[in-house]
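Here is a short report on one protein model. It covers strand pairing first, then a pocket.

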Amino acid sequence: MILTYTNNLGALEFYGDGGHTFNICAIEGLEPPSKQRRTQSYIGEDGCSESSSQYNQRVITMSCDTADGDSGILKGAARILSYGGTLTVFSSGAARKITVNEASLSIGKRYGAYTAFVIQFVCDYPHFSDVKETEAAIFKKVNMLTSSSKLPLMLSERIAEGNLNNIGELRIYPTISVKKLSDKAGENTVTVTNLTTGKKIAFSKTMVLGETLVIDVKKRTVISDIDGNALNTLDRIYSLSDMWCDLGNNNFRIDIGGSERGIEVYAAYFNEYTEAL
């Protein structure tokens, strides 16, 4: 197992097999975090029923040692750990990451050639995710004409649906990007429907050539790279909080009012997990 911690100040690597600058002796907190549950009971009924639940923040505690006699090594590590960052776990060819909001280093005693130390990572959002983001096209036109094409043939193919496969363990909220690649004038109404859950969102906006509108469902934001905040373009009868992806395949469909020319829609997401690996 290898763990890396990175932020704007630098990067640290910790190894589970020994013989490195920083060696992992023991680690806790990579398993699913504890849950906080609220229950209610009723007179005359046995037991209780759950009214709500949520995962607690994750705390990862790592006991390590180093054989490097230079005290500056640990001082440099303490500087990097004084700021939040990203912790990535590599094991058996797989990798997952988690955001660390607070990290601390406690230096222990020296035993012969080794100095012991303990690092604690506090993660307010307790779940791990894939290291790489998954992206899928859910609306675009594909040029079918190639140098070897023979007429007659379809010159283009219209893609108006796409699958987002959530292979993780939790609901996820995608980021949807709408791109305007032509100068065709007029307002566009774009409706995004998750056919699997039955939920949808829609917006109406006059987009200009080269403009990209990014709908970050998790952060509840809509940003145009031309006009900035574009939250007011959303249709208020729908809610961003409903646009989640269930476990497994989620079939998305795009409906466009107005000219479709030059419009492309993509969805990007990270699968999420309750444990490291």
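## Strand pairing

Two strands count as paired if DSSP finds at least two bridges between them. The model discussed here is predicted.

Strand E1 spans residues 2-7, and strand E7 spans residues 85-91. E1 and E7 pair in the antiparallel sense, over 5 bridges. Within this pairing, Thr 4 has Thr 88 of E7 as its bridge partner.

Val 89 is bridged to Arg 96 in E8.

E7 and E8 form a hairpin, with 2 residues between them. Ser 92 sits in the turn and has a positive phi of about 55 degrees.

In a regular strand, side chains alternate between the two faces of the sheet.

## The largest pocket

How much space lies in the largest pocket? The volume is about 550 Å³. The pocket is lined by 21 residues. Closest to its centre are Tyr 125, Ser 129, Lys 218, Phe 270 and Glu 272.

By class, the lining has 9 nonpolar, 7 charged and 5 polar residues.

## Strands in the lining

Which strands each supply at least two residues of the lining? They are E8 (94-100) and E22 (263-269). E8 gives the largest share, 3 residues.

Conventions
Residues are numbered from 1 along each chain as its sequence is written. This is a predicted model: local features need pLDDT of at least 70, side-chain atom pairs count only at pLDDT 80 or more; totals for chains, interfaces and linings use all residues. Side-chain values use heavy atoms; hydrogens and water are left out. On a 1 Å grid over the protein atoms alone, a cavity is a set of points where a 1.4 Å probe fits but cannot get out, and a pocket is an open set with protein on both sides within 12 Å along at least five of seven lines; lining residues have an atom within 4 Å of a point. Grid points are joined across faces, edges and corners, and a volume is the space filled by probe spheres set on the points. Helices (H or I, at least four residues) and strands (E, at least two) are DSSP runs, numbered from the N terminus. Ala, Val, Leu, Ile, Met, Phe, Trp, Tyr, Cys and Pro count as nonpolar, Asp, Glu, Lys and Arg as charged, and the others, Gly among them, as polar.
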